[in-house]
Amino acid sequence: MTDTKTKILDLAECYTQTRGFNGFSYIDLADAIGIKTSSIHYYFKCKDDLAAALVERIRKAHAEGFSNIEAGTKSPKKRLEAVIAFFQQYAVDEKFCLCGMMVAELQSVSPHVSNLVDLYFKDFQAWLARQFKEVGHTDANRRALSFLSALEGSLLIARVRRDPKLVHEALKGFLKA
């Protein structure tokens with residue numbers, strides 16, 4: 001990936017997580033990076049192409065992160081704790097989950113981007129379900145959906161209250177047997 005393309009994606013990710021995907025334009029990106037908007041259009045013809053690239057990028061990064069957590073942590077409870085800590089850092093950084101933000105703005109993205117966001121959440125839920133199944137929950141898929149819902153909701157509440165600790169507080173009940 002070129003440096004310019006990486007800079008565009010990095011900044012667009014940050015803006016999406018702090019302002020929302022509709023909270024910035026190609027002009028905002030170009031001004032902040034010090035390039036022309038035509039340079040952004042070279043990599044991403046339209047903003048929907050940028051959205052798809054962002055979702056694919058975060059989906060890959062999180063899948064790698066979850067895989068690393070799984071490889072480096074034997075206990076599924078410790079893996080869940082690691083995921084909570086990872087997402088809690090978003091609240092510390094005054095950011096929000098990129099795919100969660102995309103869901104909030106779903107009416108303004110294409111069906112293709114919507115499908116990518118759905119795949120992200122399905123992958124995440126499947127990973128969580130494996131952790132809950134390993135702990136011994138017979139309703140692992142439902143528990144994973146509840147965890148994922150509580151995670152996304154707690155990020156919203158932590159953001160409005162400016163209290164990142166709420167993420168762990170909301171999810172600690174899932175760490176009990």
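Buried means under 20% relative accessible area, exposed over 50%, and partly exposed in between, computed with a 1.4 Å probe and protein chains only. The model is predicted: local features need pLDDT of at least 70, side-chain atom pairs count only at pLDDT 80 or more, and totals for chains, interfaces and linings use all residues. Residues are numbered from 1 along each chain as its sequence is written, and side-chain values use heavy atoms, with hydrogens and water left out.

View 1. D10 is partly exposed, with a relative accessible area of 40%, and R57 is partly exposed at 23%. The two form a salt bridge (a side-chain nitrogen of Lys or Arg within 4 Å of a carboxyl oxygen of Asp or Glu), and their closest N and O atoms are 2.3 Å apart. The pair links distant parts of the chain, 47 residues apart: R57 is in helix α4 and D10 in helix α1 (residues 3–19). Helices are DSSP runs (H or I, at least four residues), numbered from the N terminus. D10, R57 and E13 are linked in a network of salt bridges. A search of the whole structure finds eight salt bridges.

**View 2. The salt bridge between D123 and R59.** The closest N and O atoms of this salt bridge are 2.7 Å apart. D123 lies in helix α7 (residues 111–135) and R59 in helix α4, so the pair ties together parts that are 64 residues apart in sequence. D123 counts as partly exposed at 37% relative accessibility, and R59 counts as partly exposed at 25%.

**View 3. The salt bridge between D139 and R142.** Here the closest N and O atoms are 2.4 Å apart. R142 is exposed, with a relative accessible area of 55%, whereas D139 is partly exposed at 25%.

**View 4. The crossing of helices α4 and α5.** The axes of α4 (residues 47–72) and α5 (residues 76–92) come within 9 Å and cross at roughly 140°. Axes are lines fitted to C-alpha atoms, for helices over the stretch in contact, and angles run from 0 to 180 degrees between N-to-C directions. The contact (heavy atoms within 4.5 Å) is made by residues including H62 and F66 of α4 and F86 and Y90 of α5.

**View 5. A nonpolar surface patch.** L156, I157 and V160 form this patch, with about 290 Å² of accessible area together. Accessible areas come from the Shrake-Rupley method with a 1.4 Å probe; for residues, only the protein chains shown count as cover. Patches are made of residues with over 30% relative accessible area and no salt bridge; like charges are joined within 9 Å, and nonpolar side chains (Val, Leu, Ile, Met, Phe, Trp, Tyr) within 5 Å. I157 lies in helix α8 (residues 140–161).

Note on methods:
Helix = DSSP H or I, 4+ residues; strand = E, 2+ residues; numbered from the N terminus.
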